[in-house]
Amino acid sequence: MTESQQVTVPPRPDVPPQPVPVEVRKDRRVLRAVLRWTAAAVVLATAGTATAYGISGMERTDVPGLATRSDGRWDFPRLTKPPLPSGSPGPFAAGNAAEAHYADLRALLLPAPEGAKEDKALLGSDGWLATKDFLAEYELKEEREELGQKLVDTGLRHIAARGWTTPDGTRTRIYLLQFGTANVVESKLQSDVQAYTSPTYRVRGAAEAVYDEAFPEPAAVAGISRTAFTEPKPYGAEQVRQGYLSAGDVFAVILQSRKGAANPVPFQQTVTLQSQLLG
C-alpha cells in the first residue's frame, strides 16, 4: 500500500476529521483539559510523479466547544509535506520495515509562525546542525557527554533544527534526529532519553520537569509516540516545556520556554503540527 492510499480525504470540507481514539494508561488520571488549539487536517495533493500532503488549519467555528483566538494560538503558514523520491514509500507504509523517512528531513521541520523571528544559529551548515549544538540544550556537562556518546553508539545520521522567538518572548527550538531504523529509536533511545515521569537529561533553565497531564490526548497522531513534560511552579527565570516524539527512524525534541510562564496552547499546537509533518 502506498502512502497516498493511507490518507483519508474527508468527503466534505466542512466536516472536521474525528480524533483518533488513543489508549489511556491505567495509572494516569483522566485528562480534564479540552483541546484548545486548532487541529490540522491532511489533504492529498499530487505534483508530477511525486506525492505531497497539505496540512491546513480548520476554522475554530467548525469545532464546537473550542476556545477563540484569545487562547494565544499561533498562525502557521499552510503546511505541505515534501514530495517523496520516486518509488519511495512513506515512513509508515506497508513494506517500509525500517519506517524510514525518505523525504528530506530538513523539509519536514515545522516552519515558524507568522510574526516570529527565526533563530539563524540553528540552521547549521547546509541545514544540518552539529551534534554539539544540540547537546548545548542540556545543563550538566556529564549528561551532555553521556547523551553524546549514546547518539554515537546508536548511529545518529544527522540533525535538522529550527527555532524562533515570537513577539511575546516565547522561544521555540525543534530538533529532528534521524537514525538508521525505527527499532533503534524505540529500543535504544526513546526509553533512555525520556522516562514516563520526567526527562532523563536536564534541559537548561528547567530545574524540574513533570509529565504534562494537560496535553490533550485527542491531539495524538497515528504512528507517532509522544511524551510531553512541563516545568511546575515555582519557575525559575522562565518556564520550560518539553516534547519528545518517536516517529519511525526520527526522534524529535521540541523545547519551548518563556519568561514567567509559557502558554500551553502554542506548545500543544507546535508539538502536534510537527507530529503531523512526521506522520
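Modeller: This is a predicted model. Start with the two helices: α3 passes α4 in a left-handed crossing.

Biologist: What makes α3 roughly antiparallel to α4?

Modeller: Helix α3, residues 141-153, and helix α4, residues 182-193, pack at an angle of about 165 degrees. Angles over 145 degrees count as roughly antiparallel, so α3 is roughly antiparallel to α4. Their axes are 11 Å apart.

Biologist: Which residues of α3 and α4 meet?

Modeller: From α3, Leu-147, Lys-150 and Leu-151 take part; from α4, Lys-188, Leu-189, Asp-192 and Val-193. By class, this contact has 4 nonpolar and 3 charged residues, with no polar ones.

Biologist: Why is Lys-150 called buried?

Modeller: The relative accessible area of Lys-150 is 18%. The cut-off for buried is under 20%, so Lys-150 counts as buried. Lys-150 belongs to helix α3. Leaving out residues up to four places away in sequence, Lys-150 touches Lys-188, Leu-189, Asp-192 and Tyr-201.

Biologist: Turn to the sheet. What is the order of its strands?

Modeller: The sheet is open and has 7 strands, in the order β4-β5-β6-β10-β9-β8-β7, with antiparallel pairing.

Biologist: What makes β4 and β7 edge strands?

Modeller: Each of them pairs on one side only. β4 covers 117-118 and β7 covers 210-211.

Biologist: How do you know that β5 and β6 pair?

Modeller: Pairing needs at least two bridges, and 8 bridges join β5 (residues 158-165) to β6 (residues 171-178). The two strands run antiparallel. In β6, Leu-176 stands opposite Ala-160, and Arg-173 is the bridge partner of Gly-163.

Biologist: What do β5 and β6 form, and how many residues lie between them?

Modeller: They form a hairpin, with 5 residues between the strands. In the turn, Gly-169 has a positive phi of about 95 degrees.

Biologist: How do you know that β6 pairs with β10?

Modeller: The test is again at least two bridges; β6 and β10 (residues 250-259) are joined by 8 bridges and run antiparallel. Gln-178 stands opposite Val-250 in β10.

Biologist: Why is β6 described as largely enclosed by the rest of the structure?

Modeller: Of the 8 residues of β6, 7 are buried, so the description follows from that count. Within the sheet order, β6 is placed between β5 and β10.

Technical notes. Residues are numbered from 1 along each chain as its sequence is written. This is a predicted model: local features need pLDDT of at least 70, side-chain atom pairs count only at pLDDT 80 or more; totals for chains, interfaces and linings use all residues. Side-chain values use heavy atoms; hydrogens and water are left out. Axes are lines fitted to C-alpha atoms, for helices over the stretch in contact, and angles run from 0 to 180 degrees between N-to-C directions. Helices (H or I, at least four residues) and strands (E, at least two) are DSSP runs, numbered from the N terminus. Angles under 35 degrees count as roughly parallel, over 145 as roughly antiparallel, 65 to 115 as roughly perpendicular and the rest as oblique. A crossing is left-handed if the near helix is turned anticlockwise from the far one by less than a right angle, and right-handed if clockwise. Contact means heavy atoms within 4.5 Å. Ala, Val, Leu, Ile, Met, Phe, Trp, Tyr, Cys and Pro count as nonpolar, Asp, Glu, Lys and Arg as charged, and the others, Gly among them, as polar. Buried means under 20% relative accessible area, exposed over 50%, partly exposed in between (1.4 Å probe, protein chains only).
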